[in-house]
Amino acid sequence: MERFFISDHVRISNGQFSKNGNLIFAEDKDEPFTQTIRAFYKSLEIQHPAFYKMDNLSKLGFCAAELLLKDHNQLSLYNSQEVGILLANENSCLDTDQEYVETIKDPENYFPSPAVFVYTLPNIVIGEISIRHKIQGENIFFIQPEFDAEFMVNYANGLLESKSLKAVLVGWVEFYQDKYDAFMYFASSEKSKQNTLEHTVDTIKKIYNK
Amino acid sequence: MSKAYISETNIITALGQGVSANIAAMLEGKSGITLYYDKEISTQSFYAARVDNALLESLDPEFTRFEKLILASINGIKNLKADLLKSPKTLLIFSTTKGNIDQVPSGKRVKLYDSCQYISNYLGNPNKPLVVSNACISGTVALILGKKLIESGTYKDILVLGADIVSAFVLSGFQSFKALSEGACKPFDANRTGLSLGEGSAAVWLSSEKNDQNPALFIAGGGISNDANHISGPSRTGDGLFFSINKAIIESETLGVKKEMIGYVSAHGTATPYNDEMETKAINTAELNHVPTNSFKGYLGHTLGAAGLIESAIGMYSMQQNILIPSLNYSAHGVTLPLNVIREKAEVDIQAMLKTSSGFGGCNAALVIGKE
Amino acid sequence: MEQLVENLKKQIIQALKLEDVKPEDINENEPLFGEGLGLDSIDALELIVLMEKEYGIRVENANAAKSVFTSVKTMADYIAQNKK
């Protein structure tokens, strides 16, 4: 059976932004998420004005993908249809749903916001990452009570084995009421010089639970 | 490798319960889209396709509308035995965009997983349910997942369940998008002005065994893609959807279902100016524009997370019965490229069908269903 | 009119979350869509909401919207003509 490898992984939670276990950027863990994520975005020094329009979930996922794919150029090995994205979370986009409800709940102040409504689907974060990095392969958003490494790894490996994809971004992007946790990694059949971590359930569980 | 056979299906829509009843109504030209006055949903009247409350009455009031829709669908699967539902070799896959959105912010089981787990526990299934929430392609994606998990031998039987409700949340959102039709929607028509919202549910029972089915239908191929262009507007070229269609066809060919055998296309056909145009482009690029095509949305409205499932289920029945159902509210061809939109009922031998879906976030999914 | 234009710029920046843009960066005669601010279809819809929320003016359909939202100046003119 073919083996697959993780070339990089990132984690964003409690104000800390890490890549491959190394702390890359940090803000005060008690700072509101919107400030934390804006500070991180600015540190990236990229031009992506659409960032500011995103809801918190999409900002989180976008930044995780940016941190993951920065400086490594793994994507250049593949064409856009050969790379896919599998993400999951517990609360879907409930935070944004609640924000949207605020725009419609008062009949005296009824102004449904299209800019908020568009983010009331959890897979929009996949859309934002796809647009930014031109990723056009298989993409699915799952809802799980907690990150289900067994399912995600096995499903991703299935896609790689069947050659449905040559590479895949897999992750957990969770945001609810200012609590956030993003974990994302890049798996493919390529071994990178920096990482030779095998893409298995055990490896991913170890990395995620550290 | 096992094949993912379709054992049985059931749907609940504005046109009633059961695929057969739905088709009978469709062949009489009936639409489930009607004008409502309902303060719970909107201060103004609105067009939508809503499920008759009478179909959900017998269910425990403890369940939410979304949960009742799902359970009512399963209840209609006649040959499904309780011990199959309780077997560890049976998986439940749920497909929905907004679940219990009418309960937000502080009602019952606002978290999607809680609601699906609640239903799963009620049915006695021992496995963690798989929950997909991927905009309007969720239903099609759920079937593709089911196919893969049956083929890999992980499960013997899979119940793919999907539902979405008409809600103030979603209606107001589409209104703010100015995406709603004046009146019932008109897929592919020159005078289409937008979509109509619908609600409904479906239960599709996939199995590694053919059972008594003759002819037996199976899911032959699937493809999912992303336009990577815009989060709410479809790509103008239709390339993303074409890629999904092509992927589904390539996969189906490995199971002996060739592209030339596709005799029917169940399109997404939401009747927005952009979707129908994009979809027609994709179908043309796939060289399937001569294949009889319909959209069910003129009859049922856009049922969001349930659409891929409901429409596939009706398509499957079309295949079994070898009938083509007309696409409602299509009179003048309203897309730039040709498309063989079904105008009248016809009886033809359908060897294989294609289902297409597209959704917010730039996602697309396509499915090929074959016949043995 | 000048005050209206200034207010409008601030409101647009806020409504469309143009965080890196200052009012002085926006030329009231330059096209809002296409180049410049890079606004898209969702922004156009939000501008319709802005018109109603801040000025009580309903812009009903997409065709009216195109001419009204060409620039900050055309928006200001439309408001001056139609404000209730």
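Predicted model: local features only at pLDDT ≥ 70, side-chain atom pairs only at ≥ 80, totals over all residues.

In helix α6 of chain A, the buried residues are A:A149, A:M152, A:V153, A:Y155, A:A156, A:L159 and A:L160. Looking down the axis of α6(A), these buried residues fall within an arc of 165°, so they line one face of the helix.

As for the helix itself, α6(A) runs over residues 149–161, which makes 13 residues. From its first C-alpha to its last α6(A) reaches 18 Å, close to the 18 Å expected at 1.5 Å a residue. Just after α6(A) comes A:K163, with a positive phi of about 65°.

Now chain B. Here three strands make an open sheet, in the order β3-β4-β8, and the pairing is mixed. The edge strands are β3 (33–36) and β8 (197–198) of chain B, each of which pairs on one side only. Strands β3(B) and β4(B), the latter covering residues 46–49, run antiparallel and are joined by four bridges. Which residue of β4(B) is the bridge partner of B:L35? That partner is B:Y47.

Last, the contact between chains C and A. On the chain C side there are 11 residues, in contact with eight residues of chain A. The chain C residues on the side touching chain A divide into six charged, four nonpolar and one polar.

That is what I have for today.

Notes. Residues numbered from 1 in each chain as written. Chains lettered and ligands numbered in written order. Pairing = 2+ DSSP bridges. Helix = DSSP H or I, 4+ residues; strand = E, 2+ residues; numbered from the N terminus. Expected span 1.5 Å × (residues − 1). Buried ≥ 20, exposed ≤ 12 C-beta atoms within 10 Å, placed from the backbone. Arc of directions from axis to C-beta. Contact = placed C-beta atoms within 7 Å. Nonpolar A, V, L, I, M, F, W, Y, C, P; charged D, E, K, R; others polar.
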